[in-house]
Amino acid sequence: MPSTSALKSFTTERITVDATSGGVRLTITNLVTTPPALSATITVESAQMRWTKDSTAPTSTTGHLANVGAVIFLDNPRDLWNFRAIRTGSTSATIQATYHR
């Protein structure tokens, strides 16, 4: 994998993180581009959420806690595929993801 300084951003997306059972995932079409995405920078907007990157389903009380303004960096394709997020309360969060290759 190239060093982080060699990676170039190629697309962004905004995702609503709701209470979907199993957690919300990154959009697959952004991961399987040619060449494929190698990493992503994700910022948390509007509400608190929990997330995992080992493909286990987060819940409102388990997984890494991310507050509004948190930045999550996923630095390999496996983490991109396995990322899951869920809101912690009654308000859905939004995340902004920028993909790099």
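Start by colouring the chain by burial: 37% of its 101 residues are buried, where buried means under 20% relative accessible area, exposed over 50%, and partly exposed in between, with a 1.4 Å probe and protein chains only. Keep in mind that this is a predicted model, in which local features need pLDDT of at least 70 and side-chain atom pairs count only at pLDDT 80 or more, while totals for chains, interfaces and linings use all residues. Residues are numbered from 1 along each chain as its sequence is written, and side-chain values use heavy atoms, with hydrogens and water left out.

The accessible surface of the chain is about 5,200 Å², by the Shrake-Rupley method with a 1.4 Å probe. Carbon and sulfur atoms hold 52% of that area.

Next, go to the cartoon view. Walking along the sequence, the pattern reads β-α-β-β-β-β-α-β-β. The radius of gyration is 13 Å, close to the 13 Å that the globule rule gives for 101 residues, so the chain is as compact as a globular protein of that length. That radius is taken over C-alpha atoms, and the rule is 2.2 Å times the number of residues to the power 0.38. If you show the C-alpha trace, its span along the principal axes is about 40 × 25 × 20 Å.

Then select the four-stranded sheet. In what order do its strands lie? The order is E1-E7-E2-E5, in an open sheet with antiparallel pairing; two strands pair if DSSP finds at least two bridges between them. The edges are E1 (9–17) and E5 (71–74), each pairing on one side only. On average, neighbouring strands here are turned by 20° against each other, direction ignored, with axes fitted to C-alpha atoms and angles running from 0 to 180 degrees between N-to-C directions.

- Select E1 and E7 (residues 93–100): eight bridges join them in the antiparallel sense. Glu13 has Ala97 in E7 as its bridge partner.
- Move to E2 (residues 39–45), which pairs with E7 over seven antiparallel bridges. Here Glu45 is partnered by Thr94 of E7.
- Finish at E2 and E5, which run antiparallel and share four bridges. Look for Thr43 opposite Val71 in E5.

Last stop: draw the contacts, meaning heavy atoms within 4.5 Å. Among those between residues at least 6 apart in sequence, 77% join residues at least 24 apart.

Note on methods: Helix = DSSP H or I, 4+ residues; strand = E, 2+ residues; numbered from the N terminus.
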